[in-house]
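Dear colleague,

Please read them with the sequence and the structure side by side.

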Amino acid sequence: MNKFLLFEKLINHKYTNKLTISLSPPSSFRCRSEFSYKDNHYVMHNKNKKIYMTSFSNASNIIQKVMPKLLNEINNSNSIKDKLFQINFRSNKNDNVMVTLIYHKNVESLVDKIKLISDKLKIQIILRSKNYFFSTNDLFFEDRLDFQNLKIYQTDNCFYQPNKFLVDKMVYKVIDFIESPMDLLELYCGVGTFTLPLSKVFNKVLATESDRNSIKCLLKGLDINDISNVDHARLSANEVSLLIRGKQYRRMKNNKISDYNFSHILVDPPRSGLTNEVIEIVKDFNNIIYISCNPYTYIRDINLLQDHNINKIELFDQFPNSEHLEIVSILSKD
């Protein structure tokens with residue numbers, strides 16, 4: 001049974017309509033790829049097996065082109081490849097590439113060589129080792145969303161939607177699902193992939209996230225796009241549950257939870273899904289926008305939301321030829 005039919009079977013007790021599925025091209029879809037480095041190769045791990053490679057067909061076309069060229073530069077320099085253990089790639093819609101080289105040694109002496117490689121390959125390179133960071137360019141890596149051509153930012157070590165073909169479709173689908181918007185409470189907002197476009201739909205947005213780097217990216221996006229109706233707070237989802245129960249946080253600054261008229265809550269949790277504390281939060285909202293990267297924790301969580309029904313849902317095949325599924329849905333009370 002394929003993953004789509006399996007999910008349809010798992011969700012049949014909650015949703016009986018035909019499922020809509022957005023497919024991805026089978027290759028060249030990843031704008032974010034991470035590898036180990038060993039024996040002059042990029043390395044991926046499949047269970048206990050190491051896969052050695054010089055390029056990666058699932059990576060975006062521009063990353064595929066850069067990979068062998070960069071590998072050649074690394075392998076031709078003993079000082080650059082010495083104690084290098086990880087190489088991460090990110091690309092954007094303008095075919096810019098950001099590469100992070102991570103070391104088990106002090107790498108300050110490599111800066112001049114890395115600058116030369118950066119200029120030669122026309123890529124941004126970041127050097128990381130314990131307590132050391134260097135970038136040939138800005139800290140932030142700029143991309144754009146199709147929706148209103150919004151600029152969005154990431155760093156080399158924060159979460160960013162990986163599938164270049166589906167991220168904009170997911171954004172438009174969330175917007176399409178929303179009816180009668182007032183204010184939005186967003187948990188796990190990340191760099192603002194949904195926050196920025198949803199600021200154009202809701203009157204006000206309170207966006208929360210615990211990761212400092214993601215918050216920095218969100219703030220830059222709000223500033224560059226001149227968005228003024230989004231308030232942010234560096235709070236974990238569990239801290240938001242305490243906030244709603246009345247606990248005060250300085251990180252809320254002068255904003256009060258009572259200042260908002262929430263019509264919707266958006267949750268986009270990690271694969272572990274929602275904690276019991278967060279389940280208790282979302283139960284009180286009439287409309288829950290639930291974005292999930294794990295069908296099993298999604299099913300577990302919606303079974304706990306007994307007063308809500310799945311109003312609309314669509315599946316996104318973020319990682320073709322794998323078991324993974326991305327789910328975009330809206331749950332509403334009767």
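**Pockets and a sheet**

The largest pocket holds about 510 Å³ of space, where a pocket is an open set of points on a 1 Å grid over the protein atoms alone at which a 1.4 Å probe fits, with protein on both sides within 12 Å along at least five of seven lines, and the volume is the space filled by probe spheres set on those points, joined across faces, edges and corners. This is a predicted model, in which local features need pLDDT of at least 70 and side-chain atom pairs count only at pLDDT 80 or more, while totals for chains, interfaces and linings use all residues. Residues are numbered from 1 along each chain as its sequence is written, and side-chain values use heavy atoms, with hydrogens and water left out.

The lining of the largest pocket consists of 27 residues, and Phe159, Gln161, Asp268, Pro269 and Cys293 lie nearest its centre; lining residues have an atom within 4 Å of a point.

The second largest pocket, with a volume of about 360 Å³, is lined by 14 residues, of which Arg30, Met44, Phe56, Phe319 and His324 lie nearest the centre.

β1 pairs with β16 (residues 308-316) in the parallel sense over three bridges, and Ser22 stands opposite Phe316 in β16.

With best wishes

Conventions
Pairing = 2+ DSSP bridges. Helix = DSSP H or I, 4+ residues; strand = E, 2+ residues; numbered from the N terminus.
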